[in-house]
Amino acid sequence: MYESKRLGYLFVLPFILGILAFNLFPFAASFALSFTDYPLIGSPTYIGLENYEKMVFDDDLFWKSMTVTVSFALIVVPARLAVALFIAQVLNFKLRGINFFRAAYYLPTILGGSIAISVMWKFLFQQKGLVNIILDTVGIDPIPWLASERYAVWTIVALNTWQFGAAMVIFLAALQGVPKSLYEAAEIDGASFWQQFRNVTLPIITPVIFFNMIMQIVHCFQEFNAPYMITEGGPLYSTYFMAIYIYEEAFKYFNMGYASALSWVLFFLIVSIAGGLFWSSKYWVFYSGEKERAR
Amino acid sequence: MSSDTVASALPKTRIPSNAEVLRTQRRERISLALRYLILGSVGLLMLYPLFWLLGASFKSNQEIFTTIWFLPKDLTQLLDFSAYYNGWMTRTEFTFATYFLNSFLIVVPRVIVTLISCTLVAYSFARFEYPGRKFLFSIMIGTMLLPPIVLRVPQYLMFKELGMIDTYWPLILPSAFAVDTFFTFLVVQFLRGTPRDMEEAAIIDGCNALQLLWHIVVPLLKPALISVALFQFIWTMNDFIGPLIYISTVEKYPVSLALKMSMDVTGEVAWANIIAISIVALLPSLTVFFLAQRYFIEGATSSGIKG
């Protein structure tokens, strides 16, 4: 029966329709719209490269937003991966209560996107909030987290780092999959803990580091909920991420054409970074038994 | 290189002296203590904000912004649930009963259609042979990397053409077509790792495709489908930008939008109200997570590792 082509196509049909209607068509439409002026009322007018020209030469907010987004990703992606790998490494041991810790660390990731968590974060980082109270007891002057152009983005960074759970469980599973014999061999060779980590663990888990990196980059460049809720893009646009800019252009000012152009620039940025990583992966990602992985 | 050195090292292996054993044991104990120390302090950092939030719902404005300890100074305040009552009633004409109902009106249908469409499509990908299957599968992988943000404007225009703005359709309909590719992928990978023996036996016994799917494949897929349902439940509960774009009538707001609205209108009356309602908003997700955390961890793990 599994040879029946007709049944195979029948079952995959929803996906074909869905991917065309909700992904591929909008994807192409968005590209086309990016060359138009479309204020939602009336029909789109073709204006060539004008949107892109305006963006590059004439839109300070675009550059501001781009800078904010890129520097945010540059901080958050490595921070999250480092914390996730570190905790996974600590957990990868004959420990009692490993399941409890794993669940406790994963919880913020599960709840993290929720608006309720953003509300909580906003309270924690108030001028007189918990974070400043704690800083005060160790003798540090209160920091105007949400009101200052310099610190606001760090509250979002902290929230995102707090949610390292998804990357951690993937790292932990990878660490548990490293053959014990390799460590035993390294032990006999007299390798220290750090040498074992650098020369045995790291090379073997590079595919997982690579996977996590790609996922986190795609995710971080689209950060929306936290800056929208906690800092509302401010102060002085210091947390005005690209996702907020696109959202406001499209659904507040109804500049559908310009919003599409902005989203394509963001898309292009994500694709080039991911592409760069894929290209570089042949130099640093180590696949064992590549043939078996194919199926 | 390693095999050489290992071989030359082997003959030198001897029974370790007593002192060495003791030293190893001591080192292991220190390592264990250090690990627990790190895990404990990081765990505190992870969970304390949540405890603090819970305690703050029983505190006065003044106490929220002066104390570190999560419990209120006067423990009898823990019996005072007025913040929960006030938060639930809101200062609008609707209570959170409406908003929760709305959330469930989105979440429940969405989870159901996700399960059905993912199962069908994953079944096709994992078991059938037909031209174009690999191509479709690679499209699926590709769309996992496609940022939803690029699709938002045209999707909005499309749903506007269809007259679906300010309804729940835009939030549910796409899931009926298996375009939440992360889930489909998860089920495909799970099914690929499952032996076909039972299905082959059932085919010989004369099962048709739908019987086979329902009686053999779905029971096999149960753990994966539970993961999918749980993730979809929580992600849809948490979804904010979707309702923000498509839902404009307050009466139709789901919890996430209502919470944002409460935050905006509360002013400086009693912070405990908004904190209390935030906790209530987290309850469904928390309950689901604690009842079934195994499935979350397994789902999150398998999606990554087999990729």
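## Val179(B) and its loop

Let's start with Val179(B), which sits in the loop of chain B between helix 8 (169-172) and helix 9 (181-192). Helices here are DSSP runs of H or I with at least four residues, numbered from the N terminus. This is a predicted model, where local features need pLDDT of at least 70 and side-chain atom pairs count only at pLDDT 80 or more, while totals for chains, interfaces and linings use all residues. Residues are numbered from 1 along each chain as its sequence is written, chains are lettered from A in the order in which they are written, and side-chain values use heavy atoms, leaving out hydrogens and water.

Is Val179(B) buried or exposed? Val179(B) is buried, at 12% relative accessible area; buried means under 20%, with a 1.4 Å probe and protein chains only. Leaving aside residues up to four places away in sequence, Val179(B) touches Gly18(A), Ile19(A) and Pro174(B), where contact means heavy atoms within 4.5 Å.

## The nonpolar core

A nonpolar core is a set of buried Ala, Val, Leu, Ile, Met, Phe, Trp, Tyr and Cys residues joined through side-chain atoms within 4.5 Å. The largest one here has 209 residues, and Leu91(A), Tyr105(A), Phe171(A) and Phe125(B) have the most contacts inside it. Helix 11 (residues 209-238) of chain B gives the most to this core: 15 residues.

## Two domains

Chain B splits into domain 1 (2-56) and domain 2 (89-305), with bounds from an automatic or database domain assignment. Their centres, taken over C-alpha atoms, are 39 Å apart.

Notes: Buried < 20%, exposed > 50% of the residue type's maximum accessible area, 1.4 Å probe, protein only. Helix = DSSP H or I, 4+ residues; strand = E, 2+ residues; numbered from the N terminus.
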